[in-house]
Amino acid sequence: MKKIEAIIKPFKMDDVREALGEIGITGMTVSEVKGFGRQKGHTELYRGAEYMVDFLPKVKLEIVIASADVDRCVEAILSTAQTGKIGDGKIFITDVVRVIRIRTGEEDQEAI
């Protein structure tokens with residue numbers, strides 16, 4: 001099993017969710033997060049004063065799937081979240097050792 005964490009632009013969330021649904025990915029956790037990388041933030045004016053906004057709003061998706069589904073899932077995220085502009089985000093893929101569904105006690109593949 002693998003865990004995919006994708007940091008994407010907020011306005012791309014609905015497109016990504018729809019694309020993942022089309023390939024059979026039905027469960028995910030979504031968080032509103034803030035951060036920056038090469039994008040470095042931007043400057044804004046507030047009441048005539050200029051200030052730096054270091055952390056930009058992003059959305060973080062977390063998906064645990066069977067290892068065999070990773071490539072399809074990554075391709076669905078890439079094809080829908082990519083704008084070609086700085087700040088499109090990142091995808092992280094890590095191994096998942098064990099999953100347990102709290103309600104039933106099911107483990108691993110049965111739990112996802």
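1. Start with helix H1, residues 13–22. The model is predicted. Four residues of H1 are buried: Met13, Val16, Ala19 and Leu20. Viewed down the axis of H1, these buried residues fall within an arc of 135°, so they line one face of the helix. The general rule behind such a pattern is simple. An α-helix has 3.6 residues a turn, so residues three or four places apart point the same way.

2. Which exposed residues sit on the face turned away from its buried side? They are Asp14, Glu18 and Glu22. Here, exposed stands for over 50% relative accessible area, and buried for under 20%. Just after H1 comes Gly24, with a positive phi of about 95°.

3. What covers the buried residues of H1? The cover includes strands E1, E2 and E5, together with helix H2. H1 itself lies across E1, E2 and E5. Its direction runs at about 10° to E5. Helix H2 also packs on the sheet, where it touches E1, E5 and E6. The direction of H2 makes about 5° with that of E1.

4. Next, the sheet. It is open and has four strands, in the order E2-E5-E1-E6. The pairing is antiparallel. E2 and E6 stand at the edges with a single partner strand each, so one side of each has no neighbour in the sheet. From one strand to the next, the twist averages 20°.

5. Follow the pairings across the sheet. E2 (29–35) pairs with E5 over seven bridges, in the antiparallel sense. Within this pairing, Val33 has Lys58 of E5 as its bridge partner. E5 (residues 56–65) also pairs with E1 (residues 2–8), again antiparallel and over seven bridges.

6. E5 deserves a separate look. Strand E5 is mostly covered, with seven of its 10 residues buried. Keep its neighbours in mind: E5 stands between E2 and E1 in the strand order, and H1 lies across it. H2 touches E5 as well.

7. How many residues make up the largest nonpolar core? There are 18. Those with the most contacts inside this core are Ile8, Leu20, Leu61 and Ile77. The elements giving two or more residues to the core are E1, H1, E5 and H2. H2 (70–81) supplies the largest share, six residues.

8. Finish with Ile8, one of the residues with the most contacts inside the core. Which residues does Ile8 touch, once its neighbours within four places in sequence are set aside? The list is Met13, Val16, Lys58, Val59, Leu61, Ala81 and Asp88. Several names here come from earlier points. Met13 and Val16 are among the buried residues of H1. Leu61, like Ile8, is among the residues with the most contacts inside the core.

Conventions: Residues are numbered from 1 along each chain as its sequence is written. This is a predicted model: local features need pLDDT of at least 70, side-chain atom pairs count only at pLDDT 80 or more; totals for chains, interfaces and linings use all residues. Side-chain values use heavy atoms; hydrogens and water are left out. Two strands pair if DSSP finds at least two bridges between them. A nonpolar core is a set of buried Ala, Val, Leu, Ile, Met, Phe, Trp, Tyr and Cys residues joined through side-chain atoms within 4.5 Å. Buried means under 20% relative accessible area, exposed over 50%, partly exposed in between (1.4 Å probe, protein chains only). Contact means heavy atoms within 4.5 Å. The arc is that of the directions from the helix axis to the C-beta atoms. Axes are lines fitted to C-alpha atoms, for helices over the stretch in contact, and angles run from 0 to 180 degrees between N-to-C directions.
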